[in-house]
Amino acid sequence: MKPKYKRVLLKLSGESLAGNETHGIDFDTVLKICEPIKKCADMGVQIAIVVGGGNFWRGRSSGKMDRTRADHMGMLATTINALGVADALEQLGMQVRVQTAIAMQQIAEPYIRNRAVRHLEKGRVVVFGCGTGNPFFSTDTAAALRAAEIDADIIMKATMVDGVYDCDPKKNPNAVKYDSLSFMEVLNKNLQVMDSTAASLCKDNNIPILVFSINEPENIVKAVCGEPIGTIVEEDSL
Ligand SMILES: Nc1ncnc2c1ncn2[C@@H]1O[C@H](COP(=O)(O)OP(=O)(O)OP(=O)(O)O)[C@@H](O)[C@H]1O
Ligand SMILES: O=c1ccn([C@@H]2O[C@H](COP(=O)(O)O)[C@@H](O)[C@H]2O)c(=O)[nH]1
């Protein structure tokens with residue numbers, strides 16, 4: 001198989017790292033997700049990763065807590081995941097750097113755009129932790145922001161559903177999946193698979209998003225090779 005893209009931003013669902021558990025990290029699952037990432041890198045694809053935090057904590061679900069503090073906790077959760085993914089990639093023999101949007105220099109590099117790009121050019125995987133570094137945002141928005149900054153060709157959102165549906169398929173068994181959508185459709189129909197800030201940022205910067213299931217990790221290779229999986233969201237799909 002031949003890669004379609006030179007540089008990709010892979011958004012990994014935090015929830016997916018828990019495997020069959022409801023919370024936390026199942027390291028065997030993380031290794032399974034990282035194996036196809038190595039295959040893509042071995043094909044010469046430059047890979048940056050943003051990891052969600054849903055397997056530990058989501059600020060918006062924190063109930064009575066102060067939202068800003070709850071989001072700080074969420075950003076720390078994404079960093080735990082970033083370190084777990086980095087460790088799995090290293091165990092597979094890859095060169096990896098973790099960069100965080102909030103400085104924690106004993107643990108990871110601070111996010112510096114030019115350094116991140118240099119790492120990618122050298123064939124290292126860069127894993128971004130702490131989302132955007134700001135509360136009231138999500139890791140989908142962090143993926144859109146970092147993708148724009150590093151000039152990624154596409155965002156590949158590897159998540160718990162196999163694409164974008166006309167309504168949440170976990171709540172409605174009759175939900176219908178789209179093969180392709182425009183950003184305006186995602187925004188106008190209020191499709192919740194990604195938040196509107198992330199969709200707007202991708203629209204403004206013309207970065208396509210491919211949403212696909214991480215339950216079959218080989219989908220990552222298929223996505224990189226341009227095989228028709230999941231749902232593609234892009235400007236000219238109409
Ligand atoms: N229209 C829709 N189409 C597809 N999925 C939808 C839709 N509306 C809501 N969803 C829900 O969105 C979820 C995926 O997005 P979500 O932001 O929850 O997770 P994530 O970004 O993959 O990462 P994390 O688990 O780290 O939060 C799916 O599990 C699905 O239930
Ligand atoms: O830029 C960001 C990114 C994330 N957060 C917080 O982290 C959690 C986990 O991220 P998910 O995208 O939901 O997986 C999120 O709920 C926020 O609480 C943030 O504050 N800023």
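Axes are lines fitted to C-alpha atoms, for helices over the stretch in contact, and the angles between their N-to-C directions run from 0 to 180 degrees. Helices (H or I, at least four residues) and strands (E, at least two) are DSSP runs, numbered from the N terminus. The structure described here is a predicted model, in which local features need pLDDT of at least 70 and side-chain atom pairs count only at pLDDT 80 or more, while totals for chains, interfaces and linings use all residues. Residues are numbered from 1 along each chain as its sequence is written, and chains are lettered from A and ligands numbered from 1 in the order in which they are written.

One helix pair to look at is H4 (residues 139-149) with H6 (residues 196-205), whose axes come within 8 Å and cross at roughly 20°. H4 and H6 are therefore roughly parallel to each other (angles under 35 degrees count as roughly parallel, over 145 as roughly antiparallel, 65 to 115 as roughly perpendicular and the rest as oblique). The crossing of H4 with H6 is left-handed, a term for a near helix turned anticlockwise from the far one by less than a right angle, with clockwise giving right-handed. On the H4 side the contact is made by Asp140, Thr141, Ala143, Ala144, Leu145 and Ala148, and on the H6 side by Thr197, Ala198, Leu201, Cys202 and Asn205; two residues are in contact if their C-beta atoms, placed from the backbone, lie within 7 Å. These contact residues comprise 7 nonpolar, 3 polar and 1 charged (Ala, Val, Leu, Ile, Met, Phe, Trp, Tyr, Cys and Pro count as nonpolar, Asp, Glu, Lys and Arg as charged, and the others, Gly among them, as polar).

A second pair is H1 (residues 27-42) and H2 (residues 67-91), with axes that come within 9 Å and cross at roughly 60°. That angle makes H1 oblique to H2, and their crossing is right-handed. Phe27, Val30, Leu31, Cys34 and Ile37 of H1 meet Gly84, Val85, Ala88, Leu89 and Gln91 of H2. The contact residues here divide into 8 nonpolar, 2 polar and no charged.

The unreviewed UniProt entry carries a "binding site" annotation that includes Leu12 and Gly14. Leu12 sits in strand S1 (residues 7-12) and is buried, with 27 other C-beta atoms within 10 Å (buried takes 20 or more, exposed 12 or fewer, and partly exposed lies in between). Gly14, in the loop between S1 and H1, is also buried, with 25 such atoms within 10 Å.

Definitions and conventions:
UniProt positions renumbered as here; feature names shortened; annotations may be inferred.
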